[in-house]
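Here's a friendly walk through a protein model. Take a look at the sequence and the structure, then read on.

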Amino acid sequence: MTDAPTEDTVDPGEAMDLSPRPARPARRGIRRWAPVLVVAIVAVVIALVLWRVLADATLVFREVDDAVERREELGDDRFRMIGSPVSGSVQEVSLEDGRPAVAFSVTLDGVVADVVHTGATSDQFQPEVPVVIDGHWVRSSAFAGAADDGWYFASDRMLVKHDNDYRVENQDRIDDAEERGQYE
Amino acid sequence: MTTATTESTGSSEGIPATTSSKATKVLGWLTLGGFAVLVALAFAWVPEDTRITEQGDVVGQFDAVRLMFVHVPSAILAYTGFGLTFLASLAYLRWRTDWWDMMAHASAEIGVLFGVLTLVTGSIWGRPTWQTWWEWGDVRLVTTLVMVLVFIGYLAVRRIPADVAVKARRSAVIALVGAVNIVIVNRSVDWWENRTLHQQSTLIARKIRDETLFTLSFSFAVGMVLFAWLLLHRFRTAYLQSQIEELEVNEALAERRAEAGIDESPGGRP
């Protein structure tokens with residue numbers, strides 16, 4: 001730092017004018033508002049996600065016992081049901097109009113419901129592995145299964161929940177299947 | 001790797017010209033080497049996931065199981081990044097030093113990076129395993145998405161022009177609120193077991209074969225080294241940025257003084 005300016009060189013008041021210089025307007029506008037816009041967009045997206053999930057009852061996974069208990073209340077409403085296919089209950093059937101379907105029963109916490117599924121069946125579909133099925137209740141005894149309570153759940157979409165077991169079971173059977181060319 | 005130069009200011013003494021150091025170089029090479037070994041283990045050593053049903057059908061995730069070695073570490077690193085942001089924000093509110101604020105910022109960016117990677121790899125894994133890319137009704141998926149969005153918002157808030165201290169305090173509060181969701185995301189598969197397609201923890205249940213467990217543990221280690229490497233570079237970038245901003249202010253002051261005819265150079269005209 002040098003000596004302070006003297007009166008004969010420059011006026012001290014003007015020399016030390018540190019007021020901000022005018023910035024380029026366009027750049028300032030973008031700089032100022034872009035982050036605010038991003039924050040607003042993120043807030044709106046979070047609100048939309050929560051609204052979509054909380055306001056749409058068809059998206060909720062209903063457990064079998066809950067779905068059976070509220071059957072009258074649900075009526076023809078479409079919803080999702082989660083439960084485990086009962087071992088030995090899976091069978092191929094034909095609907096009245098001739099369409100092929102898969103009939104089976106699902107269970108959770110001791111409550112059983114019969115299901116008729118007309119959509120694609122997942123490769124992972126197997127007894128005891130939980131499935132999430134989209135559909136609605138139908139009052140009919142046409143496809144009585146393990147529940148046989150005068151209702152069945154007509155589903156057309158199936159998701160299979162994978163369990164957390166990555167251990168090897170029955171390695172000999174896997175080797176046999178590989179030898180048979182069941183998979184490579 | 002970030003290289004910062006401050007030559008134009010002519011007063012960059014004491015400011016490093018790069019974010020690199022011996023430690024980061026070691027970490028970088030460890031990450032590269034570890035990743036190469038991880039790829040070899042994942043594809044050449046770990047068998048595919050298969051099992052035989054009672055009916056004799058072969059089912060399983062098959063090769064999709066190998067995504068586990070990216071997806072699971074990504075999720076853990078996202079938790080780590082956001083968790084560190086929470087702790088650093090807490091420390092900032094207590095001690096009000098730039099160091100904690102820069103740490104919170106750096107870890108949040110890395111958390112978002114791994115959070116997005118978690119969502120993408122999870123979606124790719126979900127298609128062959130669950131038969132769906134995404135389910136809006138799934139508690140685990142939606143809470144994870146919200147967690148990532150909250151921290152993207154956190155980063156955006158940091159970009160809103162404001163006084164440094166105001167900006168730091170504002171973002172620290174958001175981090176504290178957003179961190180609540182980290183616990184919800186992590187525990188969601190247990191709290192709402194039948195509201196999600198996502199499986200419960202395999203490691204806690206110890207339902208995993210030895211080769212898969214070893215490779216998964218190795219992927220955690222590689223991920224942690226990568227995290228440390230990224231964090232060091234990002235933190236140093238933030239530090240350099242703050243130093244450069246300080247220099248720019250000084251430079252601007254010097255320019256204004258020069259415009260006013262005040263020569264500050266040694267022997268210059270007053």
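Predicted model: local features only at pLDDT ≥ 70, side-chain atom pairs only at ≥ 80, totals over all residues.

Which residues does S188(B) touch, not counting residues up to four places away in sequence?

## One residue to start with

S188(B) touches V139(B), R140(B), T143(B) and E193(B) once you leave out residues up to four places away in sequence; a contact means heavy atoms within 4.5 Å. S188(B) sits in helix α5 of chain B. Helices (H or I, at least four residues) and strands (E, at least two) are DSSP runs, numbered from the N terminus.

S188(B) counts as buried because its relative accessibility is 0%. Buried means under 20% relative accessible area, exposed over 50%, and partly exposed in between, with a 1.4 Å probe and protein chains only.

Residues are numbered from 1 along each chain as its sequence is written, chains are lettered from A and ligands numbered from 1 in the order in which they are written, and side-chain values use heavy atoms, with hydrogens and water left out.

The score pLDDT is the predictor's confidence in each residue, from 0 to 100. Chain B has a mean pLDDT of 88, with 90% of its residues at 70 or more. Over residues 1-10 of chain B, though, the pLDDT is below 50, and this stretch has 19 contacts in the model beyond near neighbours in sequence. Among the elements of chain B, helix α2 (residues 68-95) has the highest mean pLDDT (97), and strand β2 (residues 58-62) the lowest (77).

## A pocket in chain B

The second largest pocket has a volume of about 830 Å³. On a 1 Å grid over the protein atoms alone, a pocket is an open set of points with protein on both sides within 12 Å along at least five of seven lines, and lining residues have an atom within 4 Å of a point. The volume is the space filled by probe spheres set on the points, which are joined across faces, edges and corners.

Of its 41 lining residues, the closest to the centre are H71(B), V72(B), A75(B), R140(B) and H198(B). Helix α3(B) gives the most to this lining, with eight residues.

## Chain A in brief

Chain A has five helices and seven strands, in the order α-α-β-α-α-β-β-β-β-β-β-α. Of its 184 residues, 38% count as buried.

Notes
1 Å grid on protein atoms, 1.4 Å probe; cavity = no way out; pocket = protein on both sides within 12 Å on 5 of 7 lines; lining within 4 Å.
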